[in-house]
Amino acid sequence: MKYFRTTVCALALAAVATTANARDLVMNANTSDPAQKQAMEDLIADFEAAYPDIDVKFNLYDHEAFKVAMRNFLVSDAPDLITWNAGNRMKVFVDLGLLEDVSDVWEAEGLYEKMPAVVGASSVDGKQYGVPYAYYAWGFYYRQDLFDQAGITETPTTWEEFLDVGAKLNAAGITPVTIGTKNLWPAAGWFDFLNLRVNGVDFHAELMDGKVKYTDERVKNVFAKWAELVEADFFVENHPAYSFQEALPFMNQGDAAMYLLAPFIVSMFPEDVRAKVEWFPFPIIDEAVGIYEDAPTDSFHIPVNAKNKDDARLFLAFAAQADNQTKTAGTLDMLPPNVNASVKDDRFAKGGFAQLSKADGIMQFYDRDTDPALAKVGMQGFQEFLQNPDRIDQILERIEAERARIYGPL
Amino acid sequence: MFPRPIQDASPRAQLLYKIALPVSLIIWLLPMIAIVATAGRSLSDLNYGNYWGVPTEWAFIENFSSVFGSSSIGNYLLNSVIITIPSIIGALFLSTLAGAGLALYKFRGRFVILALFIAGNFVPFQILMIPVRQLTLDLGIYDTYWGVILFQIAFQTGFCTFFMRNFIADLPFELVEAARAEGVSEWKILIHVIVPLVRPALAALAVLQFTFIWNDFFWPLILIQSDELRPITLGLTTLKGQYISSFNLLAAGSLIAALPPVMMFFAMQRHFIAGLTLGASKG
């Protein structure tokens, strides 16, 4: 017993001792998808090869645990680097004074010119608080073979064509769209795109900032479009029972043809299915409204309470370099924000990149753009709407009450 | 209505019993079966939605080896042991002392003290998150094994003291009086009279505490950051993705994590049952 206690003490001391090294760089991350994990490990290995004196300690969390742990470690014993998301999610912590202003890194590395697409999302009041390593486009992943089977020759570019595609698929006994709303956020992707296509980016941004009522007529127009899809049986049944990942087998089994989603799904199509999957962007609804897209951005940030900020800045500069961005985004099936980096040579990444290049404006994502508490109530509302479109007025009133609570009455 | 042996029942009742037993067992074990089956599937099977059917390929070995390969699960297991064992020893040691004190000495306010120990169990532990984190920071043991160990000892001692106090209070007090009459010191009474008698209770508590502390996710999450200090409950979450989860690996990892408490239970089963029912059949 005595021996055991000594061992425990020794191990604890050893653990304390190893964290005291001057050039240790501690990084806490929520990038726990298999591809994300791989991308981070590669990036860290490359960084350590370039700076042999620095030892990176990589602490990986799953996303939900990270959200809990983050609120603790940022105010107490902060790591030197964290992964997080640009936009409002970052702003929440910037407003609390927990994230470091890294405008100097942007300045020194000339990132304003190299990463023009993500400057806005990384800024609060004109200062930058993070360096993005990847962003991605949302769009429809669809089964070409099922489209052929239903006699669809071209992907839809307008709302009428989209409705027509749905009708043809339904006639062929194929559910047009699979979705799993147990996670709530897959439904938010639909809301974002519909609102961007119907009302444009300025209105969407105002809505996200709580400056417009959810009971506004223009919001109701969005749900009127969405209701057309629900009534035309576009969506799989019982979607609130499935997580987004559990809804994927419908597409793999050939029961559903399309999925509005982001590139992290690509690796989940089994080989033979992936060969038949293609991509198209969300169709245009109103010609007068420009093309606006959701492009969620993932980035590195330095906590204000970090101990080794110098080396953390080195890491940010390293991660922003074109060749490193090419490699990281390639592993992730995502897009590199650095314009000098090259986009992975596959149809999903190329398609997403082409669409974002055409875009007149970019948002992050519903639950990244608006207040987290409002996002939750809003997304629960979307889920309920998909089940009961008739209840839309009550649902919007409920979301509006939450908006008024957070942003104040209008 | 004491349960009679099934052999005494009518043949029809026996037949019903023989059918109902395996059926209910299977239903009851379905979640376990699902985990074991998932641990043997390939990811492509899961993506095809083949959750219950025969796997297209058995991937037990691949899954378990990639759990060991892609995460430092061996290290996490060791950390769990390093945290759990001292916590149990500490909690049992303190609660035996406190339990004996409360049971054997008639002093004023002892009921209030016991009530305080019990009341500790009713505090939702989540509300302790911020004060405990601050305390460990101030003590300089944040992000070390000791932070978690000390908290587990402190928190579990409440329940253990309640448990031990009741056991010791149930012992015949004459034993203590006889020892005192012989001039045995109080300390020796505890060691030579009380502890041997409460051994089944200690064993039962040890098993219970082992599962509580081993399976605890919350406190390591709050008090530990470094990957090399994480226990298995926290380590397993690294297999869960931000968007995508490899459920087969998660299932394989969970099986590995669940083994020690199960083995502990079987090893101590005899004491566990004896400890829980000790005194229960007293007239």
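Q: How many salt bridges are there between domain 1 of chain A and domain 2 of chain A?
A: The count is one salt bridge, the term meaning a side-chain nitrogen of Lys or Arg within 4 Å of a carboxyl oxygen of Asp or Glu. This is a predicted model, in which local features need pLDDT of at least 70, side-chain atom pairs count only at pLDDT 80 or more, and totals for chains, interfaces and linings use all residues. Side-chain values use heavy atoms, with hydrogens and water left out, residues are numbered from 1 along each chain as its sequence is written, and chains are lettered from A and ligands numbered from 1 in the order in which they are written.

Q: Which residue does A:Arg347 pair with in a salt bridge?
A: A:Arg347 pairs with A:Glu278, and their closest N and O atoms are 3.4 Å apart.

Q: Where do the domains of chain A run?
A: Domain 1 covers 2-134 + 297-359 and domain 2 covers 139-294 + 371-407, with bounds that come from an automatic or database domain assignment.

Q: And how much area is buried between domain 1 of chain A and domain 2 of chain A?
A: About 1,200 Å² is buried, with 67% of that from carbon and sulfur atoms; buried area is the accessible area (1.4 Å probe) that two parts lose on being put together, summed over both. On the domain 1 side, A:Arg347, A:Phe348 and A:Gln355 supply 48% of the area buried against domain 2 of chain A, more than any other three residues.

Q: Switching to chain B, what are its domains?
A: Chain B is split into domain 1 (6-67) and domain 2 (72-277), and the centres of these domains, taken over C-alpha atoms, are separated by 33 Å. The contact (heavy atoms within 4.5 Å) draws 13 residues from domain 1 of chain B and 11 residues from domain 2 of chain B.

Q: How many salt bridges there, between domain 1 of chain B and domain 2 of chain B?
A: The count is zero salt bridges, while the buried area between domain 1 of chain B and domain 2 of chain B is about 960 Å², 81% of it on carbon and sulfur atoms.

Q: Which three residues supply 51% of the area that domain 1 of chain B buries against domain 2 of chain B?
A: They are B:Leu43, B:Phe64 and B:Val67, which together supply more than any other three residues.
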